[in-house]
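Please look through the model shown below and keep it in view while you read.

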Amino acid sequence: MDRAFLRRCLANRRISVSLAILALVSVAAILGPWLSPYSHDGLGPLRFAPPGAAHWGGTDLLGRDVLTRALMGARISLMVGLSGALVSLAIGVTYGAVSGYAGGKTDALMMRLVDVLYSIPRLVFVIVLISVLDLRVRAALVGLGHPEWAPQAKFILLFIGLGAVQWLSMARIVRGQVLSLKERQFVLAARALGQSHAAILFRHILPNLVGIVIVYLTLTIPVVILEESLLSFLGLGVQPPMASWGTLIAQGAQTINPIKSYWWLLVVPASAMAMTLMSLNFLGDGLRDVLDPRARR
Amino acid sequence: MRLAGAPLLLLAVASLTFLLMRAAPGGPFDREKQIPEQILRELEKKYKLDGPVHEQMGRYLWDVARGDLRLSTQYRNRTVNELIGQTLPVSMALGATAFAIAIVAGSVLGICAAAAHNRPPDYALMVLALVGVSLPSFILGPLLMLVFSFWLGWFPVGGWGELRQLWLPALALSLPYVAYITRLVRVSMLEVLGEDYVRTARAKGVSEARVLFVHAFRNAALPLVSYSGPLAAFILTGSLVVETIFNIPGMGPFFVNSVLNRDVFLTGGVTLVYSALLIAFNLTVDVAYVWLDRRIRLD
């Protein structure tokens, strides 16, 4: 990444504004729960207190501080998003690169598999997979002699599993790029010098894809965050007392009723999440404009 | 070729779900209290879950191929066919409404934005669309409910059966995609509006509305057609959440419960129906695409 590139990025208003918001959310997520006078699962005497001087985001049914919980949820959601995106990157790039580089029948077969996987409802399978593997991983952790980790099984799964089913688009894009790059002169030169296929692929071809991979990495993070929250919303993801944005929004949705609306329970985590998703989408779009001039809209 | 692949794909989906559900420790008859061995074996026999797993799967696939999705293990004595028969129409009604709203509203707004290119209405629509894209259904749902049911009292809180109860969930389900389609249509309209044949139409004195909605939109709609495949998939999974939020007796809540309760055949059945819907829809989209754009041929 050279300096001219960085300057172009920062000159793009979409990129700089969304980076600023993301930095703000991240710093708040890291420092917030630590600076806050309340703990995220500490019960308080004030139940359903509206936002005010003592509780900026109000309190919930058990008197817990909503803002602290939303920031704790931000930690979890952001971590899951980042790790999921990285897992999807690893699988997608490897799969797409191998497929494109191999070409011919292997390529056709590998891409056919991607087509097939595209045509089944992914989230439905994610729901089945997560709840089934949860029990497996629990049993495995107990078998390994770490029963104290067993309650965290779902957490581990969310970290790895959501990325593991999210690599299809990345694979397609990387494959397309590799397909055209491998015909270029520098690849021929590398081959003439007697370099192995692995060296050509990883040292010569893949470094050319950094830009486009970063764009899709940025666009994958919000998708993973969304899926994690969706699972948690349905009660299949992060388990209490831990809370992600999805769990908090679900609780907020459950407590609104016609007699008294505890709107802050819904609005605080929802706006934190919407703000983050929006800036991630902005960032991805902006980066795409800068890095991939052909995809400019 | 693709048509022939579809049933095979569905059988693969059925075996995959079955294996997954059976591979996990525990089973559909696990309760807090241990069931006596004898009864457990009777239960397994009744639900055809006895014998080695590969035999169980073989028999299950045979039943599925004949259209029998078997008995639910949780809702005793009710068949999965019956449960799906009751819930699928509800989900379909909600999904189809949301789909129609997304396509129609998204196209109209996209055309308007393109017509007002680089003027205030265009900017306003684009800002709205960017906000909309980042608001998932499970945030929109409760928010819409809070504002329109509790504060304004315009719509009922949830439930199903009346037309009035359809709008909020359909909106929650479709708004993010209205936003996305607005952006999609705007971009492709802008591209098409620069073409020669549009200038010709205008020169001939065709009215501006007709140029936009008929001449230009016809070609600008192609990206929309290819997006409608993924759109159907998103609406399908989105309806899982929206049905839960608005307390709608569709397939979604049944599916989530069936996974939690290890109701093997209900999970399998619903997964199959979801997959079948999606595969059928994607096939239709492929055909529609070729029909709309004669430059493309399917092999």
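At 60% relative accessibility, Asn247(B) counts as exposed, where exposed means over 50% relative accessible area, buried means under 20%, and partly exposed is the range in between, with a 1.4 Å probe and protein chains only. This is a predicted model, in which local features need pLDDT of at least 70 and side-chain atom pairs count only at pLDDT 80 or more, while totals for chains, interfaces and linings use all residues. Residues are numbered from 1 along each chain as its sequence is written, chains are lettered from A and ligands numbered from 1 in the order in which they are written, and side-chain values use heavy atoms, with hydrogens and water left out.

Asn247(B) is found in the loop between helix H10 (222-245) and helix H11 (251-260) of chain B; here helices are DSSP runs of H or I with at least four residues, strands are runs of E with at least two, and both are numbered from the N terminus. As background, most residues other than glycine have a negative phi. Asn118(B) also is not a glycine and has a positive phi of about 60°, and this residue lies in the loop between H4 and H5 of chain B. Because its relative accessibility is 46%, Asn118(B) counts as partly exposed.

Which residues of H5(B) are buried? They are Asp122(B), Leu125(B), Met126(B), Ala129(B), Leu130(B) and Gly132(B). Seen down the axis of H5(B), these buried residues fall within an arc of 160°, so they line one face of the helix; the arc is that of the directions from the helix axis to the C-beta atoms. On the other side of H5(B), Pro120(B), Val127(B) and Leu128(B) are exposed. The buried residues of H5(B) pack against helix H4 (80-115) and helix H7 (167-193) of chain B, and also against helix H12 (263-291) of chain A.

Chain B has a helix H12 as well, covering residues 264-292, and Val270(B) lies in it. Val270(B) counts as buried because its relative accessibility is 1%. Leaving aside neighbours within four places in sequence, Val270(B) is in contact with Ile84(B), Met251(B) and Phe255(B), where contact means heavy atoms within 4.5 Å. Val270(B) and Gly5(B) are 265 residues apart in sequence, and their C-alpha atoms are 20 Å apart in space.

A buried residue can also be followed in chain A: Met111(A), with a relative accessible area of 10%, is buried, and it lies in helix H4 of that chain, residues 104-118. When neighbours within four places in sequence are set aside, Met111(A) is in contact with Tyr95(A), Ser99(A), Ala171(A), Arg172(A) and Arg175(A). Met111(A) and Arg47(A) are 64 residues apart in sequence and 55 Å apart in space, C-alpha to C-alpha.

How many helices and strands does chain A have? Chain A has 12 helices and 0 strands, and chain B likewise has 12 helices and 0 strands. The C-alpha atoms of chain A fill a box of roughly 75 × 50 × 35 Å along the principal axes, while the C-alpha trace of chain B spans about 85 × 55 × 30 Å along its own. Of the 297 residues of chain A, 49% count as buried, and of the 299 residues of chain B, 48% do. Among contacts in chain A with a separation of 6 or more, 70% are between residues 24 or more positions apart; in chain B, 71% of the contacts between residues at least 6 apart in sequence join residues at least 24 apart.
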